[in-house]
Amino acid sequence: MKHLVILGGSDGTISSFRAARRLGLGTICIDIRADAPGVREADEFLHLSTRDVEAVTTALRGRDDVAGVLAPGSDINLPSLVEVAERLGLPRGLSAPALRASVDKAYFREVCQRLGMDGPAYVSGTIDEILRDTVRPAFPVIVKPVDSGSSRGITICTGPQELGDAVRAASDVSPSATVIVEELVTGRDLCGEAFLQDGQVALLGLSDRVVAAPQVVAIGHHMAPRDEPLTREVTRQIELVCADVGYTDGPLNIDLFVTGEGVVLIEMGARIGGNGMGEALGLMYGVDTVAAAVLLAIGERPELSPRWTRHAAVRMLRSDTKGTLVALNGLRDALALPGVDDVLVTALPGEPVMPYTECRAKLGYVLASATSADELTEVLATVDDLVQVSVDAG
(Lines give C-alpha, C1' and ligand atoms only; values in the text may rest on other atoms or scores of the structure.)
Protein backbone atom coordinates (compact mmCIF):
# COMPACT_ATOMS: atom_id res chain seq x y z
CA MET A 1 0.00 0.00 0.00
CA LYS A 2 1.23 3.49 -0.86
CA HIS A 3 1.39 5.99 2.00
CA LEU A 4 0.85 9.71 2.31
CA VAL A 5 2.97 11.58 4.85
CA ILE A 6 1.03 14.32 6.63
CA LEU A 7 3.10 16.90 8.46
CA GLY A 8 1.30 17.82 11.65
CA GLY A 9 -1.55 16.30 13.57
CA SER A 10 -3.64 19.38 14.32
CA ASP A 11 -7.39 19.35 13.81
CA GLY A 12 -6.85 20.89 10.37
CA THR A 13 -5.24 17.66 9.17
CA ILE A 14 -8.05 15.27 10.08
CA SER A 15 -9.98 15.69 6.83
CA SER A 16 -6.81 14.90 4.86
CA PHE A 17 -6.23 11.65 6.75
CA ARG A 18 -9.81 10.63 5.98
CA ALA A 19 -9.55 11.66 2.31
CA ALA A 20 -6.36 9.62 1.91
CA ARG A 21 -8.17 6.63 3.37
CA ARG A 22 -11.02 7.09 0.88
CA LEU A 23 -8.43 6.99 -1.90
CA GLY A 24 -6.93 3.74 -0.63
CA LEU A 25 -3.76 5.31 0.79
CA GLY A 26 -2.15 4.56 4.10
CA THR A 27 -1.14 7.56 6.20
CA ILE A 28 1.85 8.56 8.30
CA CYS A 29 1.40 11.38 10.80
CA ILE A 30 4.43 13.34 11.96
CA ASP A 31 4.05 15.55 15.02
CA ILE A 32 5.91 16.41 18.19
CA ARG A 33 2.63 15.95 20.09
CA ALA A 34 1.66 12.35 20.62
CA ASP A 35 -1.80 13.51 21.71
CA ALA A 36 -2.52 15.63 18.62
CA PRO A 37 -6.00 14.96 17.15
CA GLY A 38 -4.63 13.76 13.83
CA VAL A 39 -2.56 11.03 15.45
CA ARG A 40 -5.75 9.07 16.12
CA GLU A 41 -6.56 9.15 12.40
CA ALA A 42 -3.20 7.92 11.10
CA ASP A 43 -2.05 4.40 10.27
CA GLU A 44 1.46 5.21 11.47
CA PHE A 45 2.85 7.86 13.79
CA LEU A 46 6.36 9.28 13.86
CA HIS A 47 6.97 11.18 17.07
CA LEU A 48 9.16 13.89 15.56
CA SER A 49 9.11 17.64 15.20
CA THR A 50 7.85 18.60 11.75
CA ARG A 51 10.55 21.28 11.72
CA ASP A 52 13.33 18.74 12.16
CA VAL A 53 13.66 18.01 8.45
CA GLU A 54 16.80 15.92 8.94
CA ALA A 55 15.08 13.58 11.39
CA VAL A 56 11.96 13.33 9.24
CA THR A 57 13.83 12.52 6.04
CA THR A 58 16.06 10.03 7.87
CA ALA A 59 12.97 8.23 9.18
CA LEU A 60 11.38 8.07 5.72
CA ARG A 61 14.39 7.58 3.48
CA GLY A 62 14.54 4.16 1.85
CA ARG A 63 10.81 3.51 2.07
CA ASP A 64 9.42 2.73 -1.38
CA ASP A 65 5.82 3.03 -0.16
CA VAL A 66 5.86 6.81 0.43
CA ALA A 67 3.97 8.45 -2.44
CA GLY A 68 3.73 12.05 -1.27
CA VAL A 69 3.78 14.56 1.54
CA LEU A 70 1.09 17.06 2.55
CA ALA A 71 0.86 19.92 5.07
CA PRO A 72 -2.82 20.92 5.34
CA GLY A 73 -4.63 23.35 7.59
CA SER A 74 -1.74 25.63 8.52
CA ASP A 75 1.16 27.45 6.89
CA ILE A 76 3.58 26.50 9.66
CA ASN A 77 4.65 23.20 8.08
CA LEU A 78 4.90 24.38 4.47
CA PRO A 79 8.68 25.06 4.63
CA SER A 80 9.27 21.52 5.90
CA LEU A 81 6.98 20.11 3.23
CA VAL A 82 9.05 21.69 0.46
CA GLU A 83 12.36 20.51 1.89
CA VAL A 84 11.19 16.98 2.73
CA ALA A 85 9.65 16.55 -0.72
CA GLU A 86 12.87 17.74 -2.39
CA ARG A 87 15.08 15.45 -0.34
CA LEU A 88 12.91 12.40 -0.97
CA GLY A 89 12.15 13.14 -4.62
CA LEU A 90 8.41 13.51 -4.04
CA PRO A 91 5.98 15.90 -5.75
CA ARG A 92 6.47 19.37 -4.28
CA GLY A 93 3.94 21.73 -5.84
CA LEU A 94 5.25 24.91 -4.19
CA SER A 95 7.74 27.31 -5.72
CA ALA A 96 10.03 29.29 -3.42
CA PRO A 97 8.03 32.53 -3.95
CA ALA A 98 4.71 30.74 -3.35
CA LEU A 99 6.10 29.32 -0.13
CA ARG A 100 7.34 32.70 1.01
CA ALA A 101 4.04 34.41 0.19
CA SER A 102 2.30 31.81 2.35
CA VAL A 103 4.53 32.09 5.41
CA ASP A 104 5.55 35.77 5.36
CA LYS A 105 2.69 38.27 5.53
CA ALA A 106 5.03 41.17 4.79
CA TYR A 107 6.27 39.51 1.59
CA PHE A 108 2.68 38.92 0.51
CA ARG A 109 2.07 42.67 0.91
CA GLU A 110 5.15 43.30 -1.25
CA VAL A 111 3.78 41.05 -3.98
CA CYS A 112 0.40 42.81 -3.96
CA GLN A 113 2.06 46.24 -4.08
CA ARG A 114 4.28 45.18 -6.96
CA LEU A 115 1.19 44.09 -8.89
CA GLY A 116 -0.51 47.42 -8.26
CA MET A 117 -3.23 46.05 -6.02
CA ASP A 118 -4.90 48.09 -3.32
CA GLY A 119 -3.76 47.25 0.20
CA PRO A 120 -3.05 48.66 3.65
CA ALA A 121 0.02 50.67 4.55
CA TYR A 122 2.31 48.59 6.75
CA VAL A 123 5.66 48.22 8.47
CA SER A 124 7.38 45.00 9.45
CA GLY A 125 10.32 44.04 11.62
CA THR A 126 11.46 43.04 15.08
CA ILE A 127 10.09 44.58 18.28
CA ASP A 128 12.92 47.11 18.43
CA GLU A 129 12.60 48.02 14.76
CA ILE A 130 8.84 48.56 15.01
CA LEU A 131 8.93 50.58 18.22
CA ARG A 132 11.77 52.89 17.17
CA ASP A 133 10.36 53.48 13.68
CA THR A 134 8.61 56.87 13.66
CA VAL A 135 6.96 56.16 10.30
CA ARG A 136 3.98 53.93 10.96
CA PRO A 137 0.54 53.37 9.42
CA ALA A 138 -2.17 55.64 10.75
CA PHE A 139 -4.13 54.25 13.68
CA PRO A 140 -6.15 52.14 14.11
CA VAL A 141 -3.78 49.32 13.13
CA ILE A 142 -3.75 45.55 13.35
CA VAL A 143 -0.62 43.90 14.74
CA LYS A 144 0.23 40.32 13.73
CA PRO A 145 3.17 37.93 13.66
CA VAL A 146 4.33 37.63 10.05
CA ASP A 147 4.59 33.86 10.25
CA SER A 148 2.11 32.38 12.70
CA GLY A 149 -1.43 31.06 12.37
CA SER A 150 -4.56 30.11 14.31
CA SER A 151 -5.27 33.81 14.97
CA ARG A 152 -2.50 33.86 17.56
CA GLY A 153 -0.85 37.11 18.58
CA ILE A 154 -3.30 39.41 16.76
CA THR A 155 -4.25 42.73 18.35
CA ILE A 156 -6.13 45.77 17.07
CA CYS A 157 -4.62 49.02 18.40
CA THR A 158 -6.53 52.28 18.41
CA GLY A 159 -3.57 54.41 19.52
CA PRO A 160 0.22 54.37 20.01
CA GLN A 161 -0.08 53.67 23.75
CA GLU A 162 -1.30 50.16 22.92
CA LEU A 163 1.38 49.34 20.37
CA GLY A 164 4.16 48.13 22.67
CA ASP A 165 2.14 45.35 24.31
CA ALA A 166 0.64 44.32 20.96
CA VAL A 167 4.01 44.06 19.24
CA ARG A 168 5.45 42.01 22.09
CA ALA A 169 2.44 39.66 22.04
CA ALA A 170 2.84 39.12 18.31
CA SER A 171 6.59 38.62 18.55
CA ASP A 172 6.17 36.01 21.28
CA VAL A 173 4.29 33.66 18.93
CA SER A 174 6.34 34.39 15.80
CA PRO A 175 8.96 31.72 14.98
CA SER A 176 11.15 34.47 13.51
CA ALA A 177 10.22 37.10 16.16
CA THR A 178 9.03 39.32 13.33
CA VAL A 179 5.89 41.44 13.39
CA ILE A 180 3.77 43.26 10.85
CA VAL A 181 1.75 46.37 11.71
CA GLU A 182 -0.91 47.14 9.13
CA GLU A 183 -3.40 49.91 8.68
CA LEU A 184 -6.75 48.44 9.75
CA VAL A 185 -8.82 47.63 6.70
CA THR A 186 -12.57 47.84 7.21
CA GLY A 187 -15.39 46.60 5.07
CA ARG A 188 -16.88 43.22 4.39
CA ASP A 189 -14.58 40.64 5.93
CA LEU A 190 -14.42 37.53 3.74
CA CYS A 191 -12.43 34.32 3.67
CA GLY A 192 -11.68 32.71 0.36
CA GLU A 193 -11.06 29.07 -0.38
CA ALA A 194 -10.00 28.25 -3.92
CA PHE A 195 -8.53 25.49 -6.02
CA LEU A 196 -6.24 26.29 -8.93
CA GLN A 197 -5.65 24.16 -11.98
CA ASP A 198 -3.26 25.14 -14.78
CA GLY A 199 -2.90 28.62 -13.33
CA GLN A 200 -6.63 29.36 -13.29
CA VAL A 201 -9.15 29.36 -10.46
CA ALA A 202 -11.21 26.21 -11.01
CA LEU A 203 -13.24 26.57 -7.80
CA LEU A 204 -13.80 29.60 -5.58
CA GLY A 205 -15.81 29.88 -2.39
CA LEU A 206 -16.14 33.16 -0.51
CA SER A 207 -17.39 33.01 3.05
CA ASP A 208 -18.53 35.56 5.58
CA ARG A 209 -16.56 35.24 8.79
CA VAL A 210 -18.83 34.98 11.83
CA VAL A 211 -17.24 36.48 14.93
CA ALA A 212 -18.29 37.24 18.47
CA ALA A 213 -16.97 40.70 19.34
CA PRO A 214 -14.59 41.78 20.77
CA GLN A 215 -12.71 38.68 19.64
CA VAL A 216 -11.45 38.56 16.05
CA VAL A 217 -11.33 34.76 15.86
CA ALA A 218 -14.08 33.23 13.70
CA ILE A 219 -16.73 31.07 15.34
CA GLY A 220 -18.06 30.09 11.94
CA HIS A 221 -18.02 30.67 8.19
CA HIS A 222 -20.89 30.96 5.74
CA MET A 223 -19.80 30.19 2.17
CA ALA A 224 -22.21 31.26 -0.55
CA PRO A 225 -22.43 32.06 -4.27
CA ARG A 226 -21.53 35.73 -4.84
CA ASP A 227 -22.42 38.27 -7.48
CA GLU A 228 -20.50 37.97 -10.71
CA PRO A 229 -18.47 41.24 -10.46
CA LEU A 230 -17.10 40.29 -7.03
CA THR A 231 -16.31 36.71 -8.08
CA ARG A 232 -14.61 37.96 -11.22
CA GLU A 233 -12.46 40.52 -9.37
CA VAL A 234 -11.37 38.11 -6.63
CA THR A 235 -10.54 35.53 -9.30
CA ARG A 236 -8.52 38.11 -11.25
CA GLN A 237 -6.47 39.11 -8.21
CA ILE A 238 -5.86 35.54 -7.09
CA GLU A 239 -4.66 34.53 -10.54
CA LEU A 240 -2.36 37.58 -10.75
CA VAL A 241 -0.75 36.83 -7.39
CA CYS A 242 -0.41 33.11 -8.08
CA ALA A 243 1.11 33.75 -11.50
CA ASP A 244 3.63 36.12 -9.91
CA VAL A 245 4.71 33.57 -7.28
CA GLY A 246 4.55 30.57 -9.62
CA TYR A 247 1.67 28.68 -8.03
CA THR A 248 -0.39 26.95 -10.71
CA ASP A 249 -2.09 23.91 -9.20
CA GLY A 250 -3.51 23.27 -5.77
CA PRO A 251 -5.64 24.57 -2.92
CA LEU A 252 -5.46 28.17 -1.78
CA ASN A 253 -6.74 29.81 1.39
CA ILE A 254 -7.03 33.59 1.36
CA ASP A 255 -8.32 36.42 3.55
CA LEU A 256 -9.79 39.55 1.96
CA PHE A 257 -11.96 42.60 2.50
CA VAL A 258 -14.49 44.19 0.21
CA THR A 259 -14.28 47.94 0.79
CA GLY A 260 -15.85 50.97 -0.84
CA GLU A 261 -12.87 51.08 -3.19
CA GLY A 262 -12.87 47.40 -4.13
CA VAL A 263 -11.28 44.09 -3.14
CA VAL A 264 -8.24 44.03 -0.84
CA LEU A 265 -6.37 40.76 -0.41
CA ILE A 266 -4.90 40.45 3.10
CA GLU A 267 -2.94 37.18 3.17
CA MET A 268 -2.72 33.77 1.50
CA GLY A 269 -1.77 30.19 2.21
CA ALA A 270 -1.02 27.76 -0.61
CA ARG A 271 -2.66 24.80 1.16
CA ILE A 272 -5.99 23.41 2.30
CA GLY A 273 -7.74 25.85 4.60
CA GLY A 274 -8.16 24.86 8.23
CA ASN A 275 -11.30 25.11 10.33
CA GLY A 276 -13.34 23.16 7.79
CA MET A 277 -12.84 25.62 4.94
CA GLY A 278 -11.44 23.03 2.54
CA GLU A 279 -14.39 20.74 3.18
CA ALA A 280 -16.87 23.63 2.83
CA LEU A 281 -15.55 24.43 -0.65
CA GLY A 282 -16.17 20.82 -1.62
CA LEU A 283 -19.72 20.92 -0.26
CA MET A 284 -20.41 24.10 -2.21
CA TYR A 285 -19.53 22.50 -5.55
CA GLY A 286 -19.96 18.77 -5.01
CA VAL A 287 -16.23 18.16 -5.44
CA ASP A 288 -14.05 16.28 -2.96
CA THR A 289 -11.54 19.11 -2.69
CA VAL A 290 -9.55 17.58 0.14
CA ALA A 291 -9.12 14.37 -1.85
CA ALA A 292 -8.08 16.54 -4.80
CA ALA A 293 -5.25 18.02 -2.71
CA VAL A 294 -4.19 14.52 -1.67
CA LEU A 295 -4.09 13.43 -5.31
CA LEU A 296 -1.88 16.39 -6.22
CA ALA A 297 0.44 15.50 -3.35
CA ILE A 298 1.05 12.08 -4.88
CA GLY A 299 1.49 13.50 -8.37
CA GLU A 300 -1.96 12.82 -9.83
CA ARG A 301 -4.31 15.27 -11.54
CA PRO A 302 -7.70 15.66 -9.82
CA GLU A 303 -11.07 16.15 -11.48
CA LEU A 304 -12.49 19.51 -10.39
CA SER A 305 -15.66 19.91 -12.46
CA PRO A 306 -18.48 21.30 -10.25
CA ARG A 307 -21.60 19.19 -9.86
CA TRP A 308 -23.71 21.98 -8.32
CA THR A 309 -23.49 25.29 -6.47
CA ARG A 310 -24.88 25.37 -2.93
CA HIS A 311 -24.53 27.31 0.30
CA ALA A 312 -22.13 25.77 2.83
CA ALA A 313 -21.18 26.58 6.40
CA VAL A 314 -18.81 25.70 9.22
CA ARG A 315 -19.79 26.19 12.85
CA MET A 316 -17.13 25.77 15.55
CA LEU A 317 -17.75 23.64 18.63
CA ARG A 318 -16.33 25.65 21.51
CA SER A 319 -16.18 26.19 25.23
CA ASP A 320 -16.72 29.47 27.04
CA THR A 321 -14.74 28.35 30.08
CA LYS A 322 -11.46 26.74 31.03
CA GLY A 323 -11.67 23.26 32.48
CA THR A 324 -12.03 19.60 31.59
CA LEU A 325 -14.36 18.47 28.84
CA VAL A 326 -17.10 16.27 30.26
CA ALA A 327 -19.18 15.71 27.14
CA LEU A 328 -20.36 17.04 23.80
CA ASN A 329 -24.04 16.23 23.95
CA GLY A 330 -26.36 16.09 20.96
CA LEU A 331 -23.78 15.35 18.29
CA ARG A 332 -25.52 12.21 17.01
CA ASP A 333 -28.83 14.06 16.69
CA ALA A 334 -27.10 16.95 14.93
CA LEU A 335 -25.42 14.62 12.44
CA ALA A 336 -28.78 13.06 11.63
CA LEU A 337 -30.25 16.42 10.58
CA PRO A 338 -30.91 16.97 6.86
CA GLY A 339 -28.29 19.45 5.71
CA VAL A 340 -25.63 18.45 8.25
CA ASP A 341 -22.88 16.80 6.23
CA ASP A 342 -20.35 16.01 8.95
CA VAL A 343 -19.44 16.64 12.56
CA LEU A 344 -15.73 16.53 13.27
CA VAL A 345 -14.68 16.32 16.92
CA THR A 346 -11.14 17.18 17.97
CA ALA A 347 -11.41 17.02 21.77
CA LEU A 348 -12.32 13.98 23.84
CA PRO A 349 -13.98 13.80 27.28
CA GLY A 350 -11.37 14.14 30.01
CA GLU A 351 -9.14 16.44 27.98
CA PRO A 352 -8.43 20.02 29.07
CA VAL A 353 -10.22 22.79 27.20
CA MET A 354 -9.73 26.53 27.01
CA PRO A 355 -12.10 29.41 26.24
CA TYR A 356 -12.41 29.90 22.50
CA THR A 357 -10.18 32.92 21.92
CA GLU A 358 -8.12 31.38 19.10
CA CYS A 359 -8.87 28.78 16.45
CA ARG A 360 -6.82 25.99 18.01
CA ALA A 361 -9.04 26.10 21.12
CA LYS A 362 -12.04 24.73 19.25
CA LEU A 363 -13.48 21.34 20.17
CA GLY A 364 -14.39 20.50 16.59
CA TYR A 365 -16.75 21.79 13.94
CA VAL A 366 -20.01 21.09 12.15
CA LEU A 367 -20.24 21.14 8.34
CA ALA A 368 -23.59 21.89 6.76
CA SER A 369 -24.95 22.76 3.31
CA ALA A 370 -28.25 23.78 1.75
CA THR A 371 -29.78 25.19 -1.40
CA SER A 372 -30.44 28.63 0.14
CA ALA A 373 -29.13 30.91 2.87
CA ASP A 374 -32.42 30.74 4.80
CA GLU A 375 -32.43 26.95 4.77
CA LEU A 376 -28.82 26.87 5.96
CA THR A 377 -29.57 29.34 8.76
CA GLU A 378 -32.36 27.08 9.99
CA VAL A 379 -30.07 24.05 9.97
CA LEU A 380 -27.40 25.88 11.98
CA ALA A 381 -29.94 27.20 14.49
CA THR A 382 -31.13 23.64 15.10
CA VAL A 383 -27.53 22.48 15.55
CA ASP A 384 -26.98 25.24 18.13
CA ASP A 385 -30.04 24.03 20.04
CA LEU A 386 -29.01 20.39 19.94
CA VAL A 387 -25.30 20.50 20.71
CA GLN A 388 -24.42 21.27 24.33
CA VAL A 389 -20.87 21.51 25.65
CA SER A 390 -20.39 20.26 29.21
CA VAL A 391 -17.20 21.41 30.97
CA ASP A 392 -16.02 20.81 34.51
CA ALA A 393 -14.47 24.14 35.50
CA GLY A 394 -12.90 22.52 38.57
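In the predicted model, V84 is in contact with V53, V56 and T57 once its neighbours within four places in sequence are left aside. This valine is found in helix α3, which spans residues 78-88, and because its relative accessibility is 1%, V84 counts as buried. Between V84 and R61, which are 23 residues apart in sequence, the C-alpha to C-alpha separation is 10.0 Å.

Helix α3 is also included in what covers the buried residues of helix α4, together with α5 (105-114), α8 and β13 (263-269). The buried residues of α4, a helix that runs from residue 96 to residue 103, are A98, L99, A101 and S102. Seen down the axis of α4, these buried residues fall within an arc of 165°, and therefore they line one face of the helix. The N-terminal end of α4 is capped by S95, of which a side-chain oxygen lies 3.1 Å from the backbone nitrogen of A98.

The largest nonpolar core comprises 46 residues, of which I238, Y247 and L265 touch the most other members. Helix α8 (residues 228-245) gives the most to this core, contributing six residues. When residues up to four places away in sequence are not counted, I238 touches A194, L196, V201, L204, L252, I254 and L265. In soluble globular proteins, nonpolar side chains tend to be buried together.

Terms used. Residues are numbered from 1 along each chain as its sequence is written. This is a predicted model: local features need pLDDT of at least 70, side-chain atom pairs count only at pLDDT 80 or more; totals for chains, interfaces and linings use all residues. Side-chain values use heavy atoms; hydrogens and water are left out. A nonpolar core is a set of buried Ala, Val, Leu, Ile, Met, Phe, Trp, Tyr and Cys residues joined through side-chain atoms within 4.5 Å. Buried means under 20% relative accessible area, exposed over 50%, partly exposed in between (1.4 Å probe, protein chains only). Helices (H or I, at least four residues) and strands (E, at least two) are DSSP runs, numbered from the N terminus. Contact means heavy atoms within 4.5 Å. The arc is that of the directions from the helix axis to the C-beta atoms. A polar contact is a pair of N or O atoms within 3.5 Å; within protein, one must be able to donate a hydrogen and the other to accept it, and residues adjacent in sequence count only if both atoms are side-chain atoms.
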